[in-house]
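Grab a pencil and open the model in your viewer. Here are a few exercises, each with a worked solution to check yourself against.

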Amino acid sequence: MSEAKWIGISAGRKNKVTETVIKTVLKAANKNYDFYSLSDFEILSCDGCNGCVESHRCVKNDRLNEISEAMQEAEGIVFGAPEYWGGMNAKGRAFWERICFSTRHNEYFPLADKPAVLIGVSGDGDSSGVIQDCTEFLEDARMKIIEKIEIRGEYACFDCGYGHLCQVGGLKNFYNLPVKAEELERKRLSEQKLREETDYSKIKAICEELREIQAEKGAEEKCK
């Protein structure tokens, strides 16, 4: 029987900060893992249709069940999402609404006690909205949250072309506008900067806990 893998799931943009942080945690933990970017999937919203009551599978055909099955078989999960308007982005929320709704009928909780790491990414580094939203869903699924990480990512206003003139955008939060575009310090993270600013001591502590969980499960299986 092959070793159970960890699952990394990003609700953020393809090849951006959320994805990078998730992979950083999994690689630092020296885990065998599969990775899913929700940007590769059409994640439809939950209609509360109750089509999943008997099967515990969503009736919508957008490959969400593929990820759901992988999560149920996984050793643990690392999930990350960006913060939009004070909460988790719509794609991340739609994902968890359907995961939780389709798998909880008749007290069926296939993700119960599964360890999870939550990652929130925001332009100013305060991702508490993402963490709060994710925590509610994972607790509803009876999962075991072992760590919550907040990372400063990118502000879209730096790339829109008009951010240095806009009085209602993200740059207004940082500077006394208007100023010349060339005078602005770009408060964003390149991959190199992300590696420099990520708290690896915290990640190492997370990885150690993941290894302990895996060791405990291995010992339990040997005793059976």
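**Exercise 1: a helix and its neighbours**

The buried residues of α2 pack against β1 (6-10), β2 (33-37), β3 and α3 (90-102). Keep in mind that this is a predicted model. Your task: work out which residues of helix α2 (residues 64-73) are the buried ones.

Solution. Start with the cut-off: a residue counts as buried when its relative accessible area is under 20%. Now walk along α2 and pick out the residues that pass: Leu64, Asn65, Ile67, Ser68, Ala70 and Met71. Those buried residues are the ones to check against the strands β1, β2 and β3, and against helix α3.

**Exercise 2: the largest pocket**

Describe the largest pocket: what is its volume, and which elements each supply at least two residues of its lining?

Solution. Begin with the volume, which is about 580 Å³. Next, go to the centre: of the 20 lining residues, Glu83, Tyr84, Ser122, Gly123 and Glu154 are the closest to it. Then turn to the elements: α1 (17-28), β3 (76-84) and β5 (115-122) each give at least two lining residues. The largest share, three residues, comes from β3. Last, sort the lining by class, and you get seven nonpolar, six polar and seven charged residues.

**Exercise 3: the second largest cavity**

Find the residues that line the second largest cavity, and sort them by class.

Solution. The volume here is about 40 Å³. Around this cavity you'll find Cys100, Thr103, Arg104, Phe109, Pro110, Leu111, Asp140 and Ala141. Sorted, that lining has five nonpolar, one polar and two charged residues.

Methods:
Residues are numbered from 1 along each chain as its sequence is written. This is a predicted model: local features need pLDDT of at least 70, side-chain atom pairs count only at pLDDT 80 or more; totals for chains, interfaces and linings use all residues. Side-chain values use heavy atoms; hydrogens and water are left out. On a 1 Å grid over the protein atoms alone, a cavity is a set of points where a 1.4 Å probe fits but cannot get out, and a pocket is an open set with protein on both sides within 12 Å along at least five of seven lines; lining residues have an atom within 4 Å of a point. Grid points are joined across faces, edges and corners, and a volume is the space filled by probe spheres set on the points. Helices (H or I, at least four residues) and strands (E, at least two) are DSSP runs, numbered from the N terminus. Ala, Val, Leu, Ile, Met, Phe, Trp, Tyr, Cys and Pro count as nonpolar, Asp, Glu, Lys and Arg as charged, and the others, Gly among them, as polar. Buried means under 20% relative accessible area, exposed over 50%, partly exposed in between (1.4 Å probe, protein chains only). Contact means heavy atoms within 4.5 Å.
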